[in-house]
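Let's take a look at the charged pairs here, and then at one of the sheets. The model is a predicted one, so keep that in mind as you read along.

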Amino acid sequence: MKKNRYKLLAGCALAVIYSSNVAVAMPVTATDTVTLPGGSVYMSGSGINTYTFDINSYLGSGFTAPYNLSNVSILASFMDDQNDGITRSNESNLGSYVWTSGPDYYGGGTQRRNGTADFTEEQETAGLTAGASSYYSSTSSSAGGTYSQSQSDGSTQAGYHSGSCSWGWCSGGHYHYINKYTDYAGDLTSYNGAFDINFMIDGTAMTDLQADGMLSVDIFSSLGDFNLQSLSLTFTASQNQSVQTTSGTSNQVPEPGTLALLGLGLMGVAGYRRRRRS
């Protein structure tokens, strides 16, 4: 009976020794977020902004380059300023002109009228290049609130008289101008302001990131102007197979429980040997 017990303890020792040589670090999933100056970056025209991701600080000693990465995605978030390039269409419900100032001594002044219209803001498009691939995203149309716009209808000639003017009456030689405006109000069919570029990386971008844990991306305005609000890269890293078993050794430090089990196993080996000698 004791002989079998010693064999069991010896088997435990062998299992501990074997398991310590094939210990595997748990996969790591993390997100690296680029720090933007001032919290956001205004972008317009042909300028290109370059940013670099670095995932090395998220990986421990169990991970070595080239890294074994999967599910790597980049998310760039933008916000449209919503205050430029607005066009007006479908004017309707135009009322009558009413005096808002004047008529002055010569019969001139300002007249205004009300109306409604549809308003649409210009489209904004952002681009991002990672490796050999480029990705684009535009603002999406959505219902906005009300929007008002005052449109000058030009200085309208009221008439010509061939005399001098006195207290609003003219006998000639004078033009009388009335400044006319239309005040429009209506729904702003515009953009909801927020839009994203979100994609899984592959190809040369993945190769670059796996090589040393760093990846540079270029962000630019393809159309219009907007603010870059945030930029992040999410990834999952698994321990390289070559690190798990390298010449039958491991850098992992055994836990106290493992050491205790190993000690019992060695005691079993010693007891079994004494048993055989006796």
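## Salt bridges

A salt bridge here means a side-chain nitrogen of Lys or Arg within 4 Å of a carboxyl oxygen of Asp or Glu. Searching the whole structure turns up two salt bridges. One of them joins Arg88 and Glu91, with the closest N and O atoms 3.0 Å apart. Arg88 is partly exposed, at a relative accessible area of 24%, and Glu91 is also partly exposed, with 36%.

The other pair is Arg112 with Asp183, whose closest N and O atoms sit 2.9 Å apart. This one ties together distant parts of the chain: Arg112 belongs to strand E7 (residues 109–120) and Asp183 to strand E11 (residues 169–191), 71 residues apart. As for solvent, Arg112 is partly exposed at 25% relative accessible area, and Asp183 counts as partly exposed at 23%.

## A four-stranded sheet

Now for the sheet. Four strands line up as E3-E13-E8-E9 in an open, antiparallel arrangement. Strand E3 (48–54) and strand E9 (133–138) are the edges, each pairing on one side only. On average, neighbouring strands in this sheet are turned by 25° against each other, direction ignored.

Ala130, for instance, has Val217 in E13 as its bridge partner.

Methods: Residues are numbered from 1 along each chain as its sequence is written. This is a predicted model: local features need pLDDT of at least 70, side-chain atom pairs count only at pLDDT 80 or more; totals for chains, interfaces and linings use all residues. Side-chain values use heavy atoms; hydrogens and water are left out. Buried means under 20% relative accessible area, exposed over 50%, partly exposed in between (1.4 Å probe, protein chains only). Helices (H or I, at least four residues) and strands (E, at least two) are DSSP runs, numbered from the N terminus. Two strands pair if DSSP finds at least two bridges between them. Axes are lines fitted to C-alpha atoms, for helices over the stretch in contact, and angles run from 0 to 180 degrees between N-to-C directions.
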